[in-house]
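Here is a short walk through one protein model, written for someone who likes to keep the structure open while reading. Take a look at the sequence and the 3D view first, and then we can go through them together.

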Amino acid sequence: MDNLISELEILKEQDGEACETVHVSKDSSTGNSRKLYIESYGCQMNFSDSEIVASILQKNGFDTTSDINEADVIFLNTCSIREKAETTVRHRLMHINGLKKHKPEMLVGVLGCMAERLKSKLLEEEKIVDLVAGPDAYRDLPNLISQVDDGARAVNTFLSREETYADISPVRLNSNGVTAFISIMRGCDNMCSFCVVPFTRGRERSRDPHSVVAEARQLFENGYREVTLLGQNVDSYKWSAAENNKARLEKNQVSEVTTFAELLEQVALVHPDLRVRFATSHPKDITDDVLHTMARHENICKCIHLPLQSGNSRILELMDRGYTREWYMSKVQKIREILGEDCAITSDMIAGFCSETEEEHQDTLTLMDLVKYDYAYMFFYSERPGTVAAKKYKDDISDSTKKTRLEEIIKKQREHSLIRNQTDVGKVHKVLAEGFSRRSADFLQGRNSANKVIVFPKEHYQKGQYVNVLVEDCTGGTLVGKAV
Ligand code: SAH
Ligand code: SF4
Ligand code: F3S
């Protein structure tokens, strides 16, 4: 099962925004008669969902293919986070339209966040789309496909308060056989004013901790050595046996509640050789408990994705992020106190949010100087229909100012990534080897606890092994060394 599908193609576009990755399904043959091709856009949650979709359809007569031309069903699992993400998908649909002219029986479906946002409107806007399914409707896909087989067009964009797909064992789509993602919660109850996710993914709900731990254990037994626990806001993970997760518990109610810190510990205890990562932490919700749990377990990786968005308190308030510049800095201080200087801190940034002045933009740059992020994903603000910001604030920063500010943020981050990587030179790092380096089969590549990519001569080492590597050199993106 594990090597059914692997990463076939990674397309990277650099357009001033952070890299965008597209994952494409690989060939599998379990003797099923129909072929499914899935292309996934957006965040890890979407890539993880495509593995659920592949699993559901494999039980319903489909093998996956990497060749779009031999597909009976084409799914695009889409993202709505910025306008450009949607434009990319629309271009892709135009291309698929060309293919469909030669093979009219081919079924084209749009899944994910764009499906949820546009619902049946997508059928009108994009004439070649036969099927639209939102992120909570994937169990219904076999039924939706048969509706299309019967000549109808099919839509299900129902958002659930319970669905976590806990019982579905994902088909690993982009697997290197060493690292895997485990989705621990779905949806988001925050309402950051710029963000479309609460509308496309619905209410927050947490997955049964037993099923999470069982999945981690199964992965370890299958040779995996790293899991990343996924959610839009993992620190608000909360599961209660009593309420079967149907409603969030009142603060003082006594019940068996599993918090994120507890779940993290349970997964870390699966095996000391199983590394655990998680994303994303919301700065307002990450607890000292989580930090202490990280400190207690060597196998919980010392890397925290703590998206800042803006370094200015007025802008943060407009964004409804729930913290100020000072409060954010006190969190960073706490991380340094409990986990030390080696713990990586990474971020997301938005340049040119509504009404942001030049001085307020400078606050983002000065905060970056204070934190010195190891890495950041950087974007310019893109207004999303239906969000609070779209309704309440004017998107009044010109494209050229947004771009200039974004370039300044990117330039600063490049300097900081290099500075942070330079502090790793001359030290020995425990690296989990993930496979050959992109450039040469004589080198392996893997990551250290802080999530830095380290390349080293292969010698007799194999992927899936932990290797102590003395780092001798670095760029802003990669560390280079040799096994010791
Ligand atoms: N749950 C995560 C974010 C998920 S979206 C969190 O709260 O941190 C990933 C990133 O996309 C966000 O952190 C933000 O930086 C960016 N983003 C979201 N909406 C955006 C928009 N409308 N314009 C530009 N960037 C946006
Ligand atoms: Fe969007 Fe905010 Fe939720 Fe993150 S926490 S997904 S930015 S609403
Ligand atoms: Fe995009 Fe949806 Fe993820 S909008 S970033 S695919 S949750």
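## Around ligand 3

Eight residues need your attention first: C43, N46, C79, S80, I81, C113, R201 and Q232 surround ligand 3. Please keep in mind that this is a predicted model. Sorted by class, the shell around ligand 3 is made of four nonpolar residues, three polar ones and one charged one.

In UniProt, an unreviewed entry places the feature "binding site" at C43, C79 and C113. These positions are spread over 71 residues of sequence, yet they cluster in space, with a largest C-alpha distance of 10.5 Å.

Where do C43 and C79 sit in the fold? C43 belongs to the loop between β2 (34-40) and α1 (44-58), while C79 belongs to the loop between β4 (73-78) and α2. Is C79 buried or exposed? C79 has a relative accessible area of 11%, which is under the 20% cut-off, so it counts as buried. C43, at 33% relative accessibility, is partly exposed.

Which residues does C79 touch, if those up to four places away in sequence are left out? The contacts of C79 are Y41, G42, N46, A85, E86, C113 and M114. Of these, N46 and C113 also belong to the set surrounding ligand 3.

## Salt bridges

How many salt bridges does a search of the whole structure find? The search returns 38.

| Pair | N to O distance |
|---|---|
| E126 and R90 | 2.6 Å |
| R296 and E265 | 3.2 Å |
| R336 and E341 | 3.7 Å |

Let us begin with E126 and R90, whose side chains meet in a salt bridge. E126 is in the loop between α4 (121-125) and β6 (131-133) and R90 is in helix α2 (residues 83-102), so this pair ties together parts that are 36 residues apart in sequence. E126 is buried, at a relative accessible area of 12%, and R90 is partly exposed, at 22%.

Next come R296 and E265, which also form a salt bridge. This pair links distant parts of the chain, with R296 in helix α9 (residues 288-296) and E265 in helix α8 (residues 260-268), 31 residues apart. R296 is exposed, with a relative accessible area of 52%, whereas E265 counts as partly exposed at 23%.

In the pair R336 and E341, the side chains again meet in a salt bridge.

## The TRAM annotation

An unreviewed UniProt entry carries the annotation "domain: TRAM" for residues 422-484. How much of residues 422-484 is helix, and how much is strand? The span is 2% helix and 54% strand. The C-alpha atoms at the ends of residues 422-484 lie 19 Å apart.

Key. Residues numbered from 1 in each chain as written. Chains lettered and ligands numbered in written order. Predicted model: local features only at pLDDT ≥ 70, side-chain atom pairs only at ≥ 80, totals over all residues. Heavy atoms only, no water. Salt bridge = Lys/Arg side-chain N within 4 Å of Asp/Glu carboxyl O. Helix = DSSP H or I, 4+ residues; strand = E, 2+ residues; numbered from the N terminus. Buried < 20%, exposed > 50% of the residue type's maximum accessible area, 1.4 Å probe, protein only. UniProt positions renumbered as here; feature names shortened; annotations may be inferred. Near = heavy atom within 4 Å. Nonpolar A, V, L, I, M, F, W, Y, C, P; charged D, E, K, R; others polar. Contact = heavy atoms within 4.5 Å.
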